[in-house]
Amino acid sequence: MFCLIFLITHASALICKPLQMDIFELNLDGTRSVRVFTNQFCTNIMILHLDDSDTLRIFRAFRTEEQKNHFGISLKENIIDIDYHLIYKLDISKLMEIKFIIWDAQEKANLGEFDLVRMQIEQPDIYKTKLLQQIWNDSNQNCLPYGERVNLGYYYTGQSDQSDIADIVFNTLSFCPESFIIISNPIIMENIYRLSEVRILNMTKVYENSTIVNYNYTTFNNIFRLGLPNIPSDNILLSYQVGSKDNNQSYLQGPFLFKIPEKAPSNLARKYIFLGDMDSNWVQNMSNYTFEWLQNRTNNQSILEYDFIMFLGDMAYDLESNDCMQGDYWLRNISAFTAYYPFMTAAGNHDAGNNSEYPYFRRAFVSPHNQKIDTQKFYNDFYSFDVGLAHFIVYNPDWIVYGDASKEFTSFMVQVMEEDLIKANANRDKVPWIIVCDHYPMYCSDDTDFQCGQNNVALKGFAELFAKYNVEIYMSAHQHSYERDSPFFNNKSASYETDGPQEHIIKNNKAPVYIIEGAAGNDYFMPTTPYANQPYTVFQQVGDGLGVMTIYNSTHILFEHHISQTDQVVDYVWVIQDRTTKNSDNNDQFIIAVVMMSVLILIAIILIVYLYRRRSMLQHLLP
């Protein structure tokens, strides 16, 4: 069952009390408006909806002038008159039982619990009641924001949801319903956003039945969704501050700047940053140079230059280490750049956690995930989005490359991938490039790592799709170095044109160019010398580094690998697709088909004329 909780704050000397709730009306989008009657005019009542995956969604009252007026209504025959009501819009189609906890936020006191209404449910067994009294009983409440980060919303997916253009997330150590963000720029002036969603990461609860680990860690991910009508469009630079309140103390962090990238294709060059396998920058400081490189690009000019950061997996080393404080410091430290750039993520094996279910990763990082596999267990395992001229696909084949996936699950993931690729391929005239991102390389040169020789076999179903639908670039990490490999398919060289052994130009490739960006710097292991080259190996570089991809137009992409400390570009490749040639080929095929059809029609006419004349001659010859 779901648990809906009223959080009450003082509107006057009296305590607000919800007295009755009913279904007000059915909305066009399938949600229902719920009407709540109260004992007085209460200015700050929220409905908190805790679902089965510990996601806390916050619904605020939708007020109109008419709703602010007093009115009288008899709820129960001659028992009570109600003078005040608020209306909330929420999806209650699957609720069986609604429970309320009446909570006084100022006194931190539970004023009582009672059931108000029962409804039918399609699948009652998958829901259960959860009470959160222990959260609000926390006497050490701390609402200081930390770990600010931005990500792209559903507007950039096939859904094109303009109400979710971008999300801003920050953490607090306690539940802080008074959290807010202030958005401004010269066009929209200033808007205050309230919480959209809170994701509770209670690692104590996640591992409460574990005999291996015993954590004492909880953090709250506060999510704010930005979109219409307050954000008029994409391709704008925003300034924002994040804030919260804790008892009588207020906190305000920022200001931060970030650019909402333009979704629509254009002929302007667009840049993206790629990196992976990065520590928290607080133990051995192995990622220090990469942190500095990113921090140096948080000024106004750089923010306009790059559209987003794609992190290719393996965070903090590891998120759950040291009672999850490694992950906590990771969030705090990466905010030096994730507060300024949309931070898109792929899951790595070091993000899986002790239960191999990615609890920290899945709660902390928001993505416009694919609804088809949107479950608590597989959240963030597949999503895709469009920015400019490129369609980016992010997937997590962890179970597959480690041999833990069933054939049914592998087939399902391949099917999800193909469905996405079919849509992307049909949209090539608008978004011509397809780029796949994950943590695990399809090919790599470390012959001591079994994956370098086996991933192309384990991921064969995906590789076949990448060749079939002409995926141009495959980005990965996992190897703690930089590597660029030739287009290969089924462990053989695929068709492509190039400029020589260094392959700085790859043209009309029939399989992806494989690029490994796992050199951001980590405490776990950093190779000091390159591995022995394999048949597909083009270039390797050890030491801290990261990649920059520039998409110039529909035919040219430039990828460069930078040394973090010096910003020196040590390798580059131009990926070129001669799309006009392909169109010419299609036109040539059409012309050939027309000519052949014309010839066949001419032959048919000649044959008909011959048969007609032969018949006439026979008629003349016969008596």
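How exposed is Lys271? With a relative accessible area of 24%, Lys271 counts as partly exposed, a label for anything between buried (under 20% relative accessible area) and exposed (over 50%), using a 1.4 Å probe and protein chains only.

A quick word on the model: it is predicted, so local features need pLDDT of at least 70 and side-chain atom pairs count only at pLDDT 80 or more, while totals for chains, interfaces and linings use all residues. Residues are numbered from 1 along each chain as its sequence is written, and side-chain values use heavy atoms, leaving out hydrogens and water.

**Salt bridges**

There are 13 salt bridges in the structure, each one a side-chain nitrogen of Lys or Arg within 4 Å of a carboxyl oxygen of Asp or Glu. Here are three of them.

| Pair | N to O distance |
|---|---|
| Lys271 and Glu305 | 2.7 Å |
| Asp567 and Arg297 | 3.2 Å |
| Arg362 and Asp381 | 2.9 Å |

Take the pair of Lys271 and Glu305: Lys271 sits in strand β19 (residues 270-275) and Glu305 in helix α5 (residues 300-305), so parts 34 residues apart in sequence get tied together. Helices (H or I, at least four residues) and strands (E, at least two) are DSSP runs, numbered from the N terminus. Glu305 is partly exposed at 31% relative accessibility.

Elsewhere, shared partners join Asp167, Glu197, Arg199 and Arg225 into one salt-bridge network.

**Core and rings**

The largest nonpolar core has 125 residues, and Phe274, Trp330, Phe385, Ile435, Phe466 and Met475 touch the most other members. Helix α9 (residues 407-426) supplies the largest share of this core, with seven residues. A core here is a set of buried Ala, Val, Leu, Ile, Met, Phe, Trp, Tyr and Cys residues joined through side-chain atoms within 4.5 Å.

Phe385 has contacts (heavy atoms within 4.5 Å) beyond four places in sequence, including Phe308 and Phe392. Those two are both buried.

In total, 38 aromatic pairs turn up. Phe308 and Phe392 make one that is edge-to-face, because their ring centres are 5.2 Å apart and their planes sit at 85°. Rings of Phe, Tyr and Trp (its six-membered ring) pair if their centres lie within 6.5 Å; planes under 30 degrees apart are stacked, over 60 edge-to-face, and the rest tilted. The Phe308 and Phe392 pair bridges strands β21 (residues 306-311) and β25 (residues 390-395), 84 residues apart.
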